[in-house]
Amino acid sequence: MLGRVREAIRARHYSRRTEEAYVGWVRRYIAWSGRRHPRELGASDVRRFLSGLATERRVSASTQNQALSALLFLYGNVLGRPLPEVRGIVRAKRPHRVPVVLTRGEARAVIERIDGPARLVALLLYGAGLRLLEALTLRVKDIDFDQRRIVVRGGKGGKDRITVLPAAVVSPLRAHLARVHELHVRDLASGAGAVELPEAFSRKHTGAAREWRWQWIFPAARQYVHPITRERRRHHLHESAVQRAVKMAILAAGTTKRASCHTFRHSFATHLLEDGYDIRTVQELLGHRDVSTTMIYTHVLNRGGLGVMSPLDRPSGE
């Protein structure tokens with residue numbers, strides 16, 4: 001069953017993360033039912049499973065919605081039995097929170113305390129507004145030094161977009177790519193040097209996996225052997241390596257904010273709005289489908305609550 005779910009997801013070119021999430025929820029659903037086949041279950045069982053996530057496991061609203069999407073996909077696209085509208089689900093409450101944003105000084109203080117490739121990744125998160133996985137999956141061909149831009153391929157929702165390449169990143173990025181190129185040359189000399197490519201492209205251009213332009217900008221330190229082709233390849237740097245480095249830097253910088261890698265992206269958007277860039281430009285750089293998603297950053301601009309002056313701060317004579 002899980003194999004069929006994976007096949008259906010890959011046939012629709014969903015992301016690997018979506019595949020792992022959906023397969024995980026189908027596995028949990030089957031285990032919850034006492035390992036019964038999903039064909040023996042129906043809308044009432046889906047409703048009880050989802051309601052239990054909210055009432056017993058206290059999951060977030062987004063987690064519950066992801067589980068619902070996975071089960072709708074299972075019944076509609078794998079079993080060929082689309083579920084009717086699942087009514088009566090106890091919904092997890094979706095809190096309305098403003099994003100955590102670092103000041104410009106805080107962002108620089110954190111980045112200064114990061115070493116190695118993770119520091120360059122953090123510079124791109126803050127300087128270009130990239131998501132962590134978008135930065136780690138950049139390839140050499142995605143950087144345009146002449147026009148100072150980054151092409152993000154297959155971002156959230158499978159969309160491509162263009163964002164800015166900060167001038168402050170150009171020099172360290174060139175030096176980093178020189179080291180990566182030396183590593184690639186050594187890999188080629190040892191019979192390795194291949195990277196993973198999109199499936200359709202890899203079938204049409206079998207030699208592209210070893211070309212320099214397709215290499216990861218942030219390759220992993222270790223090689224792995226592909227289970228089918230038996231090629232020795234390099235994956236990109238794992239998210240956990242950067243997350244760990246950023247967490248340690250945040251602690252070392254002494255900030256009390258509940259920050260993470262994604263906080264750099266929030267800070268990028270907020271600081272652009274502070275600098276007077278219009279919200280449509282920021283929306284395009286971030287890759288948001290709807291401008292209402294970008295509007296949340298107008299609530300965290302560094303001007304105090306709602307941009308007003310407290311009466312306590314006015315001179316007594318006014």
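This is a predicted model: local features need pLDDT of at least 70, side-chain atom pairs count only at pLDDT 80 or more; totals for chains, interfaces and linings use all residues.

Colleague: Good. What does Thr294 touch, leaving aside its neighbours within four places in sequence?

Modeller: Thr294 is in contact with Ile279, Val282, Gln283, Leu286 and His288. Thr294 itself lies in helix 13, residues 291-294. By helix I mean a DSSP run of H or I with at least four residues, and by strand a run of E with at least two, numbered from the N terminus.

Colleague: Why is Thr294 called buried?

Modeller: Buried means under 20% relative accessible area, exposed is over 50%, and partly exposed is in between, using a 1.4 Å probe and protein chains only. Thr294 has 0% relative accessibility, so it counts as buried. His271, in helix 11, is at 5%, so that one is buried too. Beyond its sequence neighbours within four places, His271 contacts Val101, Leu102, Thr103, Arg104 and Tyr126.

Colleague: And how much of the protein is buried?

Modeller: Buried residues make up 43% of the 318.

Colleague: How do you know how helix 11 and helix 12 run relative to each other?

Modeller: From the axes, which are lines fitted to C-alpha atoms over the stretch in contact, with angles from 0 to 180 degrees between N-to-C directions. Under 35 degrees is roughly parallel, over 145 roughly antiparallel, 65 to 115 roughly perpendicular, and the rest oblique. Helix 11 (residues 261-274) and helix 12 (residues 279-286) pack at about 155 degrees, axes 10 Å apart, so they are roughly antiparallel.

Colleague: Which residues of helix 11 and helix 12 meet?

Modeller: Arg265, Phe268, Ala269, Leu272 and Leu273 of helix 11 meet Ile279, Val282, Leu285 and Leu286 of helix 12. That gives eight nonpolar residues, no polar and one charged. Here Ala, Val, Leu, Ile, Met, Phe, Trp, Tyr, Cys and Pro are nonpolar, Asp, Glu, Lys and Arg charged, and the others, Gly among them, polar.

Colleague: What about helix 3 and helix 4: how do they lie to each other?

Modeller: Their angle is about 165 degrees, with axes 10 Å apart, so helix 3 and helix 4 are roughly antiparallel. Val46, Phe49, Leu50, Ser51, Leu53 and Ala54 of helix 3 make the contact with Gln64, Ala67, Leu68, Leu71 and Tyr75 of helix 4. By class, that's nine nonpolar, two polar and no charged.

Colleague: What makes Arg35 stand out in its backbone?

Modeller: Arg35 has a positive phi of about 65 degrees although it is not a glycine. Most residues other than glycine have a negative phi. Arg35 sits in the loop between helix 2 and helix 3, and at 67% relative accessible area it is exposed. Arg148 also has a positive phi, near 55 degrees, but at 38% relative accessibility it counts as partly exposed.

Note on methods. Residues are numbered from 1 along each chain as its sequence is written. Side-chain values use heavy atoms; hydrogens and water are left out. Contact means heavy atoms within 4.5 Å.
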